[in-house]
Amino acid sequence: MKKPNLRLGCHLSSADGCFLAAVQANSIGANTFQTFTRNPRGGAVKPIEEMEFDEYLAGAADLDVSPILFHAPYTLNFAAAREEVLRFARDTLRDDLLRLERCPGQLYNFHPGSHVGQGPERGIELIAETLRTCVPAPCSTTILLETMSGKGSEVGRTFEELRAIIDAVGDACPAPLGVCLDTCHIWDAGYDIVNDLDGVLEEFDRVVGLGRLKAVHLNDSMNPLGAHKDRHAKIGEGHIGLDALVRVLKHSSLSHLPFELETPNEVDGYQREIALLRSRL
Ligand SMILES: [Zn+2]
Ligand SMILES: [Zn+2]
(Lines give C-alpha, C1' and ligand atoms only; values in the text may rest on other atoms or scores of the structure.)
(Ligands and ions follow the chains in the order given, each with its own letter.)
Protein backbone atom coordinates (compact mmCIF):
# COMPACT_ATOMS: atom_id res chain seq x y z
CA MET A 1 0.00 0.00 0.00
CA LYS A 2 1.25 3.51 -0.79
CA LYS A 3 2.33 5.63 2.14
CA PRO A 4 1.43 9.16 1.03
CA ASN A 5 3.39 10.78 3.85
CA LEU A 6 6.69 9.14 3.05
CA ARG A 7 9.31 11.85 2.52
CA LEU A 8 11.69 10.77 -0.23
CA GLY A 9 14.02 13.01 -2.21
CA CYS A 10 17.59 13.46 -3.32
CA HIS A 11 20.51 15.81 -3.40
CA LEU A 12 19.83 18.68 -5.80
CA SER A 13 21.69 21.82 -6.80
CA SER A 14 20.34 25.08 -5.42
CA ALA A 15 22.52 27.15 -7.76
CA ASP A 16 19.29 28.79 -8.99
CA GLY A 17 17.82 29.02 -5.50
CA CYS A 18 15.80 26.82 -3.20
CA PHE A 19 12.46 27.56 -4.79
CA LEU A 20 13.53 26.27 -8.21
CA ALA A 21 15.19 23.29 -6.52
CA ALA A 22 11.84 22.53 -4.85
CA VAL A 23 10.06 22.84 -8.21
CA GLN A 24 12.60 20.43 -9.69
CA ALA A 25 12.16 18.05 -6.76
CA ASN A 26 8.41 18.06 -7.30
CA SER A 27 8.86 17.41 -11.02
CA ILE A 28 10.85 14.20 -10.38
CA GLY A 29 8.55 12.74 -7.74
CA ALA A 30 10.49 13.97 -4.70
CA ASN A 31 8.77 15.65 -1.74
CA THR A 32 11.95 16.69 0.10
CA PHE A 33 15.48 17.44 -1.05
CA GLN A 34 19.00 17.99 0.17
CA THR A 35 21.27 20.77 -1.00
CA PHE A 36 24.61 22.33 -0.09
CA THR A 37 24.55 25.58 1.83
CA ARG A 38 27.39 26.79 -0.38
CA ASN A 39 29.88 25.47 -2.88
CA PRO A 40 31.22 22.35 -1.13
CA ARG A 41 34.73 22.97 -2.40
CA GLY A 42 34.87 26.53 -1.06
CA GLY A 43 34.67 29.88 -2.76
CA ALA A 44 32.44 32.85 -2.17
CA VAL A 45 29.07 32.34 -0.56
CA LYS A 46 25.99 33.24 -2.59
CA PRO A 47 24.16 36.47 -1.62
CA ILE A 48 21.32 35.44 0.70
CA GLU A 49 18.62 36.75 -1.68
CA GLU A 50 19.80 34.31 -4.36
CA MET A 51 19.00 31.39 -2.06
CA GLU A 52 15.34 32.32 -2.64
CA PHE A 53 14.33 31.30 0.86
CA ASP A 54 11.30 33.62 0.85
CA GLU A 55 10.09 32.21 -2.47
CA TYR A 56 10.58 28.68 -1.18
CA LEU A 57 8.72 29.38 2.06
CA ALA A 58 5.84 30.94 0.14
CA GLY A 59 5.58 28.03 -2.30
CA ALA A 60 6.63 24.96 -0.31
CA ALA A 61 3.16 24.12 0.96
CA ASP A 62 1.64 24.14 -2.54
CA LEU A 63 4.51 22.09 -3.89
CA ASP A 64 4.48 19.79 -0.83
CA VAL A 65 8.27 19.71 -0.78
CA SER A 66 9.69 19.77 2.74
CA PRO A 67 11.85 19.73 4.69
CA ILE A 68 15.09 20.88 3.10
CA LEU A 69 18.10 19.06 4.45
CA PHE A 70 20.97 21.54 4.14
CA HIS A 71 24.39 19.92 3.95
CA ALA A 72 27.51 21.72 5.16
CA PRO A 73 30.51 21.67 2.82
CA TYR A 74 32.12 18.26 3.30
CA THR A 75 35.57 19.85 3.21
CA LEU A 76 35.08 21.42 6.67
CA ASN A 77 36.91 19.69 9.51
CA PHE A 78 35.50 20.31 12.98
CA ALA A 79 38.16 18.08 14.54
CA ALA A 80 41.16 19.69 12.82
CA ALA A 81 44.52 20.03 14.55
CA ARG A 82 45.46 23.23 12.75
CA GLU A 83 43.94 26.32 14.29
CA GLU A 84 43.13 28.06 11.00
CA VAL A 85 41.38 24.96 9.58
CA LEU A 86 39.27 24.65 12.72
CA ARG A 87 38.48 28.37 12.76
CA PHE A 88 37.39 28.29 9.11
CA ALA A 89 35.06 25.34 9.79
CA ARG A 90 33.56 27.03 12.83
CA ASP A 91 33.12 30.40 11.09
CA THR A 92 31.39 28.65 8.19
CA LEU A 93 29.04 26.74 10.50
CA ARG A 94 28.10 29.91 12.37
CA ASP A 95 27.54 31.81 9.13
CA ASP A 96 25.47 28.97 7.61
CA LEU A 97 23.23 28.79 10.68
CA LEU A 98 22.75 32.57 10.77
CA ARG A 99 21.72 32.49 7.12
CA LEU A 100 19.34 29.57 7.71
CA GLU A 101 17.38 31.64 10.21
CA ARG A 102 15.92 33.17 7.04
CA CYS A 103 14.51 29.71 6.24
CA PRO A 104 13.52 28.57 9.72
CA GLY A 105 12.85 25.06 10.95
CA GLN A 106 14.92 23.08 8.44
CA LEU A 107 17.68 20.52 8.98
CA TYR A 108 21.45 21.10 8.76
CA ASN A 109 23.74 18.12 8.41
CA PHE A 110 27.51 17.99 8.76
CA HIS A 111 30.29 15.42 8.77
CA PRO A 112 31.63 15.55 12.33
CA GLY A 113 35.28 15.69 11.29
CA SER A 114 38.58 13.82 11.11
CA HIS A 115 40.91 13.83 14.10
CA VAL A 116 44.01 13.64 11.86
CA GLY A 117 46.06 11.65 14.36
CA GLN A 118 45.00 13.49 17.52
CA GLY A 119 42.83 10.52 18.53
CA PRO A 120 39.05 10.18 18.58
CA GLU A 121 38.72 11.57 22.13
CA ARG A 122 40.35 14.84 21.12
CA GLY A 123 38.25 14.90 17.94
CA ILE A 124 35.06 14.37 19.93
CA GLU A 125 35.98 17.21 22.29
CA LEU A 126 36.73 19.64 19.42
CA ILE A 127 33.45 18.80 17.67
CA ALA A 128 31.50 19.20 20.90
CA GLU A 129 33.26 22.49 21.63
CA THR A 130 32.15 23.73 18.22
CA LEU A 131 28.53 22.93 19.03
CA ARG A 132 28.82 24.47 22.50
CA THR A 133 30.37 27.74 21.35
CA CYS A 134 29.65 28.40 17.66
CA VAL A 135 25.90 27.94 17.24
CA PRO A 136 24.16 31.32 17.20
CA ALA A 137 21.19 31.78 19.53
CA PRO A 138 18.36 31.55 18.84
CA CYS A 139 18.69 28.77 16.28
CA SER A 140 15.55 27.18 14.81
CA THR A 141 17.52 24.76 12.63
CA THR A 142 17.95 21.17 13.79
CA ILE A 143 21.66 20.32 13.57
CA LEU A 144 22.53 16.75 12.54
CA LEU A 145 25.74 14.79 13.03
CA GLU A 146 26.17 12.34 10.15
CA THR A 147 27.12 8.71 10.78
CA MET A 148 30.48 8.12 9.08
CA SER A 149 32.12 5.11 7.42
CA GLY A 150 35.37 5.39 9.37
CA LYS A 151 37.66 6.08 6.44
CA GLY A 152 40.93 7.71 7.47
CA SER A 153 40.53 9.23 10.93
CA GLU A 154 36.84 10.10 10.69
CA VAL A 155 35.00 10.64 13.95
CA GLY A 156 31.44 9.32 14.10
CA ARG A 157 32.23 5.80 12.82
CA THR A 158 30.38 4.21 15.72
CA PHE A 159 27.12 5.07 17.44
CA GLU A 160 29.17 5.38 20.66
CA GLU A 161 31.28 8.20 19.17
CA LEU A 162 28.13 10.10 18.19
CA ARG A 163 26.74 9.57 21.69
CA ALA A 164 30.00 10.89 23.17
CA ILE A 165 29.75 14.07 21.09
CA ILE A 166 26.13 14.60 22.14
CA ASP A 167 27.01 13.99 25.81
CA ALA A 168 29.96 16.40 25.65
CA VAL A 169 27.70 19.11 24.18
CA GLY A 170 25.19 18.63 27.00
CA ASP A 171 22.57 21.36 26.96
CA ALA A 172 25.07 24.03 25.86
CA CYS A 173 23.95 24.05 22.20
CA PRO A 174 21.06 26.44 21.52
CA ALA A 175 19.80 24.32 18.60
CA PRO A 176 18.16 20.89 18.66
CA LEU A 177 20.88 18.29 18.03
CA GLY A 178 20.23 15.05 16.18
CA VAL A 179 21.74 12.46 13.85
CA CYS A 180 21.50 11.75 10.11
CA LEU A 181 21.95 8.06 9.37
CA ASP A 182 23.70 7.27 6.09
CA THR A 183 23.04 3.68 4.98
CA CYS A 184 26.27 3.45 2.94
CA HIS A 185 28.35 4.87 5.78
CA ILE A 186 27.01 2.61 8.55
CA TRP A 187 27.31 -0.43 6.27
CA ASP A 188 30.91 0.52 5.52
CA ALA A 189 31.41 1.09 9.25
CA GLY A 190 30.35 -2.52 9.92
CA TYR A 191 26.66 -2.30 10.86
CA ASP A 192 24.89 -5.13 9.03
CA ILE A 193 21.66 -3.51 7.86
CA VAL A 194 21.22 -6.23 5.22
CA ASN A 195 20.93 -9.21 7.58
CA ASP A 196 20.04 -7.52 10.87
CA LEU A 197 18.35 -4.15 10.37
CA ASP A 198 16.30 -4.59 13.55
CA GLY A 199 19.41 -5.35 15.56
CA VAL A 200 21.27 -2.31 14.18
CA LEU A 201 18.34 0.00 14.95
CA GLU A 202 18.00 -1.49 18.45
CA GLU A 203 21.68 -0.77 18.99
CA PHE A 204 21.23 2.78 17.71
CA ASP A 205 18.30 3.22 20.07
CA ARG A 206 20.23 1.85 23.04
CA VAL A 207 23.36 3.97 22.38
CA VAL A 208 22.04 7.21 20.85
CA GLY A 209 18.25 7.01 21.09
CA LEU A 210 15.95 6.79 18.07
CA GLY A 211 14.44 10.12 19.16
CA ARG A 212 17.71 11.76 17.98
CA LEU A 213 17.39 10.32 14.48
CA LYS A 214 16.04 13.05 12.18
CA ALA A 215 17.01 12.07 8.61
CA VAL A 216 18.36 9.22 6.51
CA HIS A 217 20.77 9.29 3.57
CA LEU A 218 19.61 6.34 1.47
CA ASN A 219 22.62 5.10 -0.49
CA ASP A 220 23.88 1.77 -1.72
CA SER A 221 27.56 0.97 -1.19
CA MET A 222 30.26 -0.06 -3.67
CA ASN A 223 32.04 -1.93 -0.87
CA PRO A 224 31.39 -4.89 1.43
CA LEU A 225 30.35 -4.66 5.08
CA GLY A 226 32.99 -3.03 7.26
CA ALA A 227 35.17 -1.78 4.39
CA HIS A 228 35.50 1.75 5.87
CA LYS A 229 35.54 3.21 2.36
CA ASP A 230 32.53 5.54 1.73
CA ARG A 231 31.87 5.00 -1.97
CA HIS A 232 28.16 5.42 -2.73
CA ALA A 233 26.53 3.16 -5.31
CA LYS A 234 23.24 3.52 -7.19
CA ILE A 235 20.22 1.97 -5.49
CA GLY A 236 20.29 -1.79 -6.08
CA GLU A 237 23.73 -1.75 -7.73
CA GLY A 238 25.85 -2.10 -4.60
CA HIS A 239 26.53 -4.48 -1.74
CA ILE A 240 23.45 -3.39 0.26
CA GLY A 241 20.96 -4.02 -2.53
CA LEU A 242 17.44 -2.90 -3.34
CA ASP A 243 15.57 -5.23 -0.97
CA ALA A 244 17.53 -4.13 2.09
CA LEU A 245 17.16 -0.45 1.19
CA VAL A 246 13.39 -0.89 0.77
CA ARG A 247 13.28 -2.47 4.22
CA VAL A 248 15.04 0.63 5.59
CA LEU A 249 12.52 2.88 3.86
CA LYS A 250 9.56 0.91 5.21
CA HIS A 251 10.84 0.27 8.73
CA SER A 252 8.35 1.45 11.33
CA SER A 253 11.11 3.20 13.32
CA LEU A 254 12.22 5.19 10.27
CA SER A 255 9.33 5.72 7.87
CA HIS A 256 8.39 9.12 9.35
CA LEU A 257 11.85 10.56 8.54
CA PRO A 258 13.00 12.39 5.40
CA PHE A 259 15.06 10.10 3.13
CA GLU A 260 17.57 11.67 0.75
CA LEU A 261 19.37 9.85 -2.06
CA GLU A 262 23.05 10.74 -2.51
CA THR A 263 23.72 8.16 -5.18
CA PRO A 264 26.00 8.81 -8.18
CA ASN A 265 23.28 10.16 -10.46
CA GLU A 266 22.17 13.11 -12.51
CA VAL A 267 18.60 14.33 -11.98
CA ASP A 268 17.08 11.81 -14.41
CA GLY A 269 18.78 8.97 -12.54
CA TYR A 270 17.34 10.22 -9.25
CA GLN A 271 13.90 10.35 -10.84
CA ARG A 272 14.21 6.67 -11.83
CA GLU A 273 15.44 5.66 -8.36
CA ILE A 274 12.60 7.52 -6.61
CA ALA A 275 10.06 5.84 -8.91
CA LEU A 276 11.69 2.44 -8.31
CA LEU A 277 11.64 2.88 -4.52
CA ARG A 278 8.07 4.21 -4.47
CA SER A 279 6.95 1.24 -6.58
CA ARG A 280 8.20 -1.03 -3.77
CA LEU A 281 6.37 0.64 -0.88
ZN1 LIG B 1 25.53 11.10 3.54
ZN1 LIG C 1 29.39 9.36 1.83
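This is a predicted model: local features need pLDDT of at least 70, side-chain atom pairs count only at pLDDT 80 or more; totals for chains, interfaces and linings use all residues.
Residues are numbered from 1 along each chain as its sequence is written, while chains are lettered from A and ligands numbered from 1 in the order in which they are written.

A further cis bond runs from A137 to P138, with omega near 0°, and P138 sits in the loop between α4 (120-133) and β6 (142-146). Helices (H or I, at least four residues) and strands (E, at least two) are DSSP runs, numbered from the N terminus.

## The barrel and strand β12

Eight strands with parallel pairing form a closed barrel of 8 strands in the order β1-β2-β3-β4-β6-β8-β9-β12, where pairing requires at least two DSSP bridges between two strands. From one strand to the next the twist averages 30°.

Strand β12 (residues 258-261) pairs in the parallel sense with β1 (residues 7-11) over 4 bridges, and L8 has F259 as its bridge partner. Strand β9 (residues 213-218) also runs parallel to β12, joined by 3 bridges; H217 is partnered by E260, and L218 stands opposite L261. Both faces of β12 are covered, since P258 and E260 on one side and F259 and L261 on the other are all buried (20 or more other C-beta atoms, placed from the backbone, within 10 Å of the residue's own; exposed is 12 or fewer, partly exposed in between).

## Helix packing

The axes of α1 (residues 18-27) and α2 (residues 53-63) come within 8 Å and cross at roughly 25°, and these helices are therefore roughly parallel to each other (an angle under 35 degrees, taken from 0 to 180 degrees between N-to-C directions of axes fitted to C-alpha atoms, for helices over the stretch in contact). The contact (C-beta atoms, placed from the backbone, within 7 Å) involves C18, F19, A22, V23 and N26 of α1 together with F53, E55, Y56, G59, A60 and L63 of α2.

Elsewhere, helix α9 (residues 267-279) lies across β1 and β12, running at about 160° to β1.

## Positive phi values

V116, in the loop between β5 (113-114) and α4, has a positive phi of about 40° although it is not a glycine; with 16 C-beta neighbours inside 10 Å, V116 counts as partly exposed. D230, in the loop between β10 (220-221) and β11 (232-233), has a phi near 70° and is buried, with 21 other C-beta atoms within 10 Å.

Note on methods:
Angles under 35 degrees count as roughly parallel, over 145 as roughly antiparallel, 65 to 115 as roughly perpendicular and the rest as oblique. Two residues are in contact if their C-beta atoms, placed from the backbone, lie within 7 Å.
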